[in-house]
Amino acid sequence: KQWYQRRVRGTGKPGPVGPMDWGLRNILLIMEHEDNDAYRYKLLYGLNFYGADFRGDGQFEAILGNRYIELLKSYKPGQFLWHLKASEHSFEYREPAGVHKVFYPTLRSLQKRIEAAEKFKIGLAIWEIGQGLDYFYDLF
């Protein structure tokens, strides 16, 4: 069993690709209804190595590491917000058409997910190698 992504299309509400609170709820639900020892080795906590750029109208596009770096260089966000429940960072930037909100994994957000996988003794899956930032691999 693998999960890594929670879409928020149509809700108009920006959010991370795979919020940690959502991931943990899934882990607990599966482990609650399955024989832990028999299924634990089949569980993979998916780590997204990509993010999402939300426009003011609620639409979004997936962004890879190179686009994330371009956004940081172009807009130089002054502040990153840490979303405690989702365990992910975001920042905002403004264009003539409106405000964008960007969610993208960071070392801190990935480390939190790795620690959760270790705690529950389940595996990890990366979606998708090559989409993230090179230093993400420093955690493994």
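This is a working chat about a predicted model of a protein.

User: Quick overview first. How many helices and strands are there in the protein?

Analyst: The model is predicted. The protein has four helices and eight strands. Along the sequence they run β-α-α-β-β-β-α-β-β-β-α-β.

User: And how much of the protein is buried?

Analyst: Buried residues are 43% of the 140 residues. The accessible surface is about 8100 Å². Carbon and sulfur atoms hold 51% of that surface.

User: What share of the contacts comes from residues 24 or more positions apart?

Analyst: Counting contacts with a separation of 6 or more, 62% are between residues 24 or more positions apart.

User: Which of its residues are buried in H4?

Analyst: The buried ones are Ser109, Leu110, Arg113, Ile114, Ala116, Ala117 and Phe120. They sit on the same side of H4, because they cover an arc of only 155° around the axis.

User: Which exposed residues are on the face turned away from the buried side of H4?

Analyst: Glu118 and Lys119.

User: What happens just after H4?

Analyst: Lys121 follows, with a positive phi of about 55°.

User: Back to Arg113. Which residue does Arg113 form a salt bridge with?

Analyst: Glu88. The closest N and O atoms are 3.6 Å apart.

User: How many salt bridges does the structure hold?

Analyst: Four. One of them joins Asp21 and Arg25, with the closest N and O atoms 3.8 Å apart. Both residues lie in helix H1, four residues apart, or about one turn.

User: How accessible are Asp21 and Arg25?

Analyst: Asp21 is partly exposed, with a relative accessible area of 25%. Arg25 is partly exposed too, at 47%.

User: What about Glu70 and Arg67?

Analyst: Their side chains meet in a salt bridge, 3.4 Å from N to O. Both lie in helix H3 (residues 65-75), three residues apart, about one turn of the helix. Glu70 is partly exposed at 42% relative accessible area. Arg67 is partly exposed at 28%.

User: New topic, aromatics. How many aromatic pairs turn up?

Analyst: Eleven in the whole structure. One of them is Tyr68 with Tyr104, a stacked pair. Their centres are 4.1 Å apart, with 15° between the planes.

User: Where do Tyr68 and Tyr104 lie in the chain?

Analyst: Tyr68 is in helix H3 and Tyr104 in strand S7 (residues 98-104). They are 36 residues apart, so the pair links distant parts of the chain. Tyr68 and Tyr104 are both buried.

User: And how are the rings of Phe91 and Tyr93 arranged?

Analyst: That pair is tilted, because the planes are at 40°, with the ring centres 6.4 Å apart. Phe91 and Tyr93 are both buried.

User: Which residues form the aromatic cluster?

Analyst: Phe49, Tyr68, Tyr75, Phe80, Phe91, Tyr93, Tyr104, Tyr135, Phe136 and Tyr137 form one cluster.

User: Last one, H1. What span should H1 have, and what span does it have?

Analyst: The 14 residues of H1 should span 20 Å at 1.5 Å a residue. The end C-alpha atoms are 20 Å apart, which agrees.

User: Which residues are buried in H1?

Analyst: Met20, Trp22, Gly23, Ile27, Ile30 and Met31.

Methods. Residues numbered from 1 in each chain as written. Predicted model: local features only at pLDDT ≥ 70, side-chain atom pairs only at ≥ 80, totals over all residues. Heavy atoms only, no water. Buried < 20%, exposed > 50% of the residue type's maximum accessible area, 1.4 Å probe, protein only. Helix = DSSP H or I, 4+ residues; strand = E, 2+ residues; numbered from the N terminus. Arc of directions from axis to C-beta. Contact = heavy atoms within 4.5 Å. Areas by Shrake-Rupley, 256 points an atom, 1.4 Å probe, with all protein chains shown as cover. Phe/Tyr/Trp six-rings, centres within 6.5 Å; stacked < 30°, edge-to-face > 60°. Expected span 1.5 Å × (residues − 1).
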